[in-house]
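Here is a walk through one protein model, from packed helices to cores to single residues. Keep the viewer open and follow along.

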Amino acid sequence: METKKVTCKSCDIECSVLADVEDNRILRIRRDPDHIITPHSLCNKGAAYPDQLYHKDRILYPLKSVGKRGEGKWARVSWDEAMDEIADRMKAIVNEHGPEAIAGTAGAIVPYDLTRRFLNVLGSPNYVSGTYLCLGNTSSVNRVTMGWQPFPDYWHGRTKVIVMWGHDPQPNKWTAEYLWMRNAIKAGAKLIVVDPRVSFSAKRADMHLRLRPGSDPALMMGWLHVIINEELYDKDFVRDWTVGFEQLKERVQEYTPERVEEITWVPAEEIRASARLYAEGPSIIPWNPATDQMSNSTQVLRAMGIARAICGHVDVPGGEMLMGYHPNVICEDEFALTHLLGKEQMDKLLLLESAKLLSYEFWDEYNEAQERVFGRKWASQIHSGALANPAAVVKAMKHGTPYPVRGFLNVGSDPVTSFTDARNIHDGFMSLDLLVSVDIFMVPTVQMSDFILPAATWGEKYDLHNHWDWHTFVIGGGKAVEPLGEARDEYEFFKELGRRMGQEAYWPWETHRELFEWRLGGIDFDEFMAQPGGGIAHFAEHQVIGSNPQFKKYEKTGFATPSGKVELYSATMEKYGYDPLPSHVEQPGTIVSDPETAKDYPLTFFIGAKSDPYFQQQGRNIAALRRLAPEPWVEMHPDTVYDMGLSDGDFVAVETPHGRLTAVVKASDDAHPKVVRVPYRWWLPEQAPYAPNFSGLFQVSDNNLTSDDPMYADPEQGIPSLRGLMCRVVPAERSAEYEASLASLGDSWGGFSDTWGGNARRVTRFAAGSQA
């Protein structure tokens, strides 16, 4: 038996782990105790990886649809046959409609830069990303404020306050971050949690603010009111490194703690006390999904970045680091070749009409400053920079407005469960001329495809990542085993397609490993992995772990904004017709903004809290994980459940003015009496696949509740709301199909048996074990 260092991609933290291998089979996954960045980090999802790798339903050979779309009639074909026909059909689309008629996406755990490169060389601006609702839009707003996405400094022992704002790292969810946070708390850091429910982190917090979902901008503005009026800010930093402080000071006067209490449900004294504690610092507010997924997202993200800056928590030990690029590694941004698009094609990016922050035009406003500070243009941090709006892409699919989108490349993603309005996205995909998926399982979007290419899983391929040009440290992962069947990694797909589409010069490497070695400057990948630190490239000036890290780099370079300073008042926002200062904007569709409709929908709901054993829509067909959470559940407070005449375990429908889903009630004291927690990204792989059911898509997927109507979207970025909208919960009947699918789980779990090595025995509620 030998042990290989690999990158776990069971979630987007991408921890480094160890794989025990014998006869080209992975026996188990275990922690890497010596890794510099993610030591001892392993969760249920990573531990269950062998059950995914050797699952009986894994896609192992190329398939071509030989029936109607979504009918489920397939013919096995060779890679060459599939790629030849895909290229021919794609050329026909491009010849008739132009390259912009091809759109594409990449999942959170696959290399996005490959999709970007292919589309950019092709001439299509229409890259759709899951980061549109998860961190990518955060990085765009922080670019507006300070020119770059900050990262919390957990490592230097200086952090005094951690603010988990709608974020909840646990031993089996964002495990590495949980361990970083735990170590910081052991070193003396205080913990503030902002969350309507009593989360895992809230139970360990020094302060817990139970705000109304969607009222986040008001709470952040209340903090700024306290910090500014009590002069808790860093006066020297504000004087030397910000613009617009006086305008900001005037704006925050309307957000007294008493008024903010009315908006947020958070008591005024808690607002004051938490703002004071945060201001002491150095403090960090790690990225969180909550503030990414509201139609007032830009407002709270602007206010949050401003709080970091005026308190002096930016690029200081224990605060929020501004990193950049590793000087000796070719980054994903450079590889993506954005400059090849040209302005004419960039202007064709499909957006909601008002939403310009994710346009190429707005991105270009920061190119000169980012080249001055970080050395290159088109910094698409966190898959971002410019992103096609999913609702606008679906409109172009269905109606050809403003031009047709007829082909879509879906790589390691499931868009019909990812974005708002499941039915509308389904209709868009069903209307395409060409839908190609690269994946490992037959998830709902893959079920609709014309061609399916079998993807290698993370233990079957090499890896080189730095969390998407967020960090200057670059981490490698080896390949533990050869891919099963005819599975190939994503590079093989794009290389073969690119060469057939006339892009030969842009795909010269025969393997992904060769590409990684080129990015590393010619270093042999095995030697890179064998070096001290286990495949980590550092840059001394931005070293995360080291004896001589450098901070306050802005004193030499300025910030990567047009003014060279932190822009509390953004002239660029003003130029594009947006409010140059943050404010609280009440979302449409809430119990506050529409009290008349709220009479029929009196509760508030939020989506996005990932179920413990799962990441996104993955894992529902893995027995070891499904046993931990067999059904989608709606979490409600026991008093609310009782008052509605329901009981714990009842089958219910959550309904909004837009749609409904079904789930079971989970009565929990952790829930807020006025708030419903809706299950996230569910599908039912044990149910009938293909049309019209698509494995329970229209029964249980959370995006049945949400609309992609522009009125519900963030006007600056087009971000739809998954949080804070109104709903009601009513009794429902389990369908015969649903009852049968549950019964099929039984002892065999619908065929989700542990197919190799009995790995389920090693999956527990706390896979982090003694480290938890």
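This is a predicted model. Begin with a pair of helices. H17 crosses H19 in a left-handed sense. The two helices are H17, residues 390-399, and H19, residues 422-430, and their axes lie 8 Å apart at an angle of about 50°. An angle of that size falls between the parallel and perpendicular ranges, since roughly parallel needs under 35 degrees and roughly perpendicular runs from 65 to 115. H17 and H19 are therefore oblique to each other. Now look at the side chains between them. H17 contributes Val-394, Met-397 and Lys-398. H19 answers with Asn-424, Ile-425, Asp-427, Gly-428 and Phe-429. Sorted by class, this contact holds 4 nonpolar, 2 polar and 2 charged residues.

Pro-402 sits in the loop between H17 and strand E15, residues 407-411. The peptide bond joining Thr-401 and Pro-402 is cis, with omega at about 0°. There is a cis bond to a proline at Pro-692 too: the bond from Ala-691 to Pro-692 has omega near 0°. Pro-692 belongs to the loop between strand E26 (675-677) and helix H29 (697-700).

Next comes another helix pair. Helix H7 covers residues 216-229 and helix H11 covers residues 268-280; they pack at about 70°, with axes 9 Å apart. That angle makes H7 roughly perpendicular to H11. The crossing of H7 over H11 is right-handed. On the H7 side, the contact residues are Leu-219, Gly-222, Trp-223, Val-226 and Ile-227. On the H11 side, they are Ile-271, Arg-272, Ser-274, Ala-275, Arg-276, Tyr-278 and Ala-279. Here the classes come to 8 nonpolar, 2 polar and 2 charged residues.

Turn to the cores. The largest nonpolar core has 101 residues. Which of its residues touch the most other members? They are Phe-118, Leu-453, Phe-493 and Leu-497. Helix H3, residues 79-97, supplies the largest share of this core, with 8 residues. A second, separate core has 65 residues. Among its members are Trp-165, Met-207, Ala-279 and Met-573.

Zoom in on Phe-118. Beyond its neighbours within four places in sequence, Phe-118 contacts Met-90, Leu-409, Phe-494, Leu-497, Gly-498, Met-501, Gln-503 and Trp-507. Leu-497 in that list is also one of the core residues that touch the most other members.

Now find helix H22, residues 512-519. Is H22 mostly covered or mostly uncovered? H22 is mostly covered, with 6 of its 8 residues buried. The buried residues are His-512, Arg-513, Leu-515, Phe-516, Glu-517 and Arg-519. Their packing partners are helix H4 (112-122), helix H13 (332-336), strand E18 (463-465), helix H21 (490-500) and helix H23 (525-530). Just past H22, Gly-521 adopts a positive phi of about 85°.

Two residues other than glycine also take a positive phi. His-40 has phi near 65°. His-40 lies in the loop between strand E3 (25-31) and helix H1 (44-47). Its relative accessibility is 24%, so His-40 counts as partly exposed. Leu-135 has phi near 85°. The loop that holds Leu-135 runs between strand E7 (127-129) and helix H5 (136-146). With a relative accessible area of 6%, Leu-135 is buried.

End at Pro-454. This proline is in strand E17, residues 451-454. Why does Pro-454 count as buried? Its relative accessibility is 0%, and buried means under 20%. Leaving out residues up to four places away in sequence, Pro-454 touches Ile-59, Leu-60, Tyr-61, Pro-62, Trp-79, Asp-439, Glu-486, Ala-487 and Arg-488. For a sense of scale, take Pro-454 and Ala-19. They are 435 residues apart in sequence and 22 Å apart in space, C-alpha to C-alpha.

Conventions:
Residues numbered from 1 in each chain as written. Predicted model: local features only at pLDDT ≥ 70, side-chain atom pairs only at ≥ 80, totals over all residues. Heavy atoms only, no water. Core = buried A, V, L, I, M, F, W, Y, C linked by side-chain atoms within 4.5 Å. Buried < 20%, exposed > 50% of the residue type's maximum accessible area, 1.4 Å probe, protein only. Helix = DSSP H or I, 4+ residues; strand = E, 2+ residues; numbered from the N terminus. Contact = heavy atoms within 4.5 Å. Axes fitted to C-alpha atoms, helices over the stretch in contact; angles between N-to-C directions. Parallel < 35°, antiparallel > 145°, perpendicular 65-115°, else oblique. Left-handed = near helix turned anticlockwise from the far one by under 90°. Nonpolar A, V, L, I, M, F, W, Y, C, P; charged D, E, K, R; others polar.
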